[in-house]
Amino acid sequence: MQKSNRFPEVAELLKVCWLDIFGKMSTSMLSPNTNYAAYLVYKLTEEAYGFDHLPPTVSLGTTEGGEVCRQTVFWGQPVMEPNQQDHIVPPQQQQHTSPPSQRKDGWLEFKLGEYFNEEGKDYELRIRLLEGHSRQWKRGLIVEGIEIRPTTELVKFMLLLALSDIDDT
């Protein structure tokens, strides 16, 4: 097991040909009427291999509402540096929709999807990353975890709505 800045232990993938990362939580733990994004926080070791073939598929949804988001993601290069998200265009042949970005703490992350948590709803939020179709052997993935945090886009939108209400009075 490896260590991270936030956790005493993290998971390291030693050698598999089928990768399935799954997490779930109660939406009652999240603030109501808030949009959230889920991110996989990870590193690839120098000895990592098997992540450059078929990109994994991620899905995010609830037990009651079904799947909210599904996309493919890309493990490796190109990596976007912080505050450089608009400067790198990943290769077209990869067919992914969420490239990784470098975090300030040294870990990589990519967005798994977004979820809007409605007020008064208590569902089970489920997040899954799956790559098992290629049967390609993989090694060297270190997973710190899945991070769920509010998105700034909704906060900005709500602030604009609040400001427009002030202008109308």
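**Asn-33 and the overall fold**

Asn-33 is situated in the loop between β2 (19–26) and β3, where helices (H or I, at least four residues) and strands (E, at least two) are DSSP runs, numbered from the N terminus. The model is predicted: local features need pLDDT of at least 70, side-chain atom pairs count only at pLDDT 80 or more, and totals for chains, interfaces and linings use all residues. Residues are numbered from 1 along each chain as its sequence is written, and side-chain values use heavy atoms, with hydrogens and water left out.

- The phi angle of Asn-33 is near 55°, which is a positive value in a residue other than glycine.
- Asn-33 is partly exposed, with a relative accessible area of 31%; buried means under 20% relative accessible area, exposed over 50%, and partly exposed in between (1.4 Å probe, protein chains only).

- Of the 169 residues of the protein, 38% count as buried.
- The accessible surface of the protein is about 10,400 Å², and 52% of this belongs to carbon and sulfur atoms; accessible areas come from the Shrake-Rupley method with a 1.4 Å probe, and for residues only the protein chains shown count as cover.
- Among the contacts in the protein with a separation of 6 or more, 77% are between residues 24 or more positions apart; contact means heavy atoms within 4.5 Å.

**Sheet architecture**

- Five strands form an open sheet in the order β1-β9-β3-β7-β6, with antiparallel pairing; two strands pair if DSSP finds at least two bridges between them.
- The edge strands of this sheet are β1 (11–12) and β6 (101–102), each of which pairs on one side only.
- Strands β3 (residues 34–49) and β9 (residues 139–150) pair in the antiparallel sense over 10 bridges.
- Within β9, Ile-146 is the bridge partner of Leu-40, and Leu-141 stands opposite Leu-44.
- Strands β1 and β9 pair in the antiparallel sense over two bridges, and the bridge partner of Ala-11 in β9 is Val-143.

**Leu-112 in strand β7**

- Leu-112 belongs to strand β7 (residues 108–117) and is buried, with a relative accessible area of 2%.
- Neighbours within four places in sequence aside, Leu-112 is in contact with Ala-38, Tyr-39, Leu-40, Val-58, Cys-69, Gln-71, Ile-127, Leu-129 and Ile-146.
- A distance of 7.1 Å separates the C-alpha atoms of Leu-112 and Ser-59, which are 53 residues apart along the chain.

**The Lys-138 and Glu-131 pair**

- Lys-138 is placed in the loop between β8 (124–131) and β9, whereas Glu-131 is found in strand β8.
- Lys-138 is buried, with a relative accessible area of 2%, and Glu-131 counts as buried at 2% relative accessibility.
- The side chains of Lys-138 and Glu-131 make a polar contact of 2.5 Å; a polar contact is a pair of N or O atoms within 3.5 Å, in which, within protein, one must be able to donate a hydrogen and the other to accept it, and residues adjacent in sequence count only if both atoms are side-chain atoms.
- Leaving aside neighbours within four places in sequence, Glu-131 is in contact with Cys-17, Trp-18, Leu-19, Leu-54, Pro-55, Pro-56 and Lys-138.
- Glu-131 and Phe-51 are 80 residues apart along the chain, and their C-alpha atoms are separated by 9.5 Å.

**Arg-103**

- Arg-103 lies in the loop between β6 and β7 and counts as buried at 15% relative accessibility.
- The side chains of Arg-103 and Glu-109 are joined by a polar contact of 2.9 Å.
- Apart from neighbours within four places in sequence, the contacts of Arg-103 include Arg-6, Val-41, Glu-144, Glu-147 and Arg-149.

**Charges over aromatic rings**

- Arg-149 lies over the face of Tyr-39, at 3.8 Å from the ring centre; a charge sits over a ring if NZ of Lys or CZ of Arg is within 6 Å of the ring centre and within 35 degrees of the ring normal.
- Lys-15 lies over the face of Trp-137, at 5.5 Å from the ring centre.
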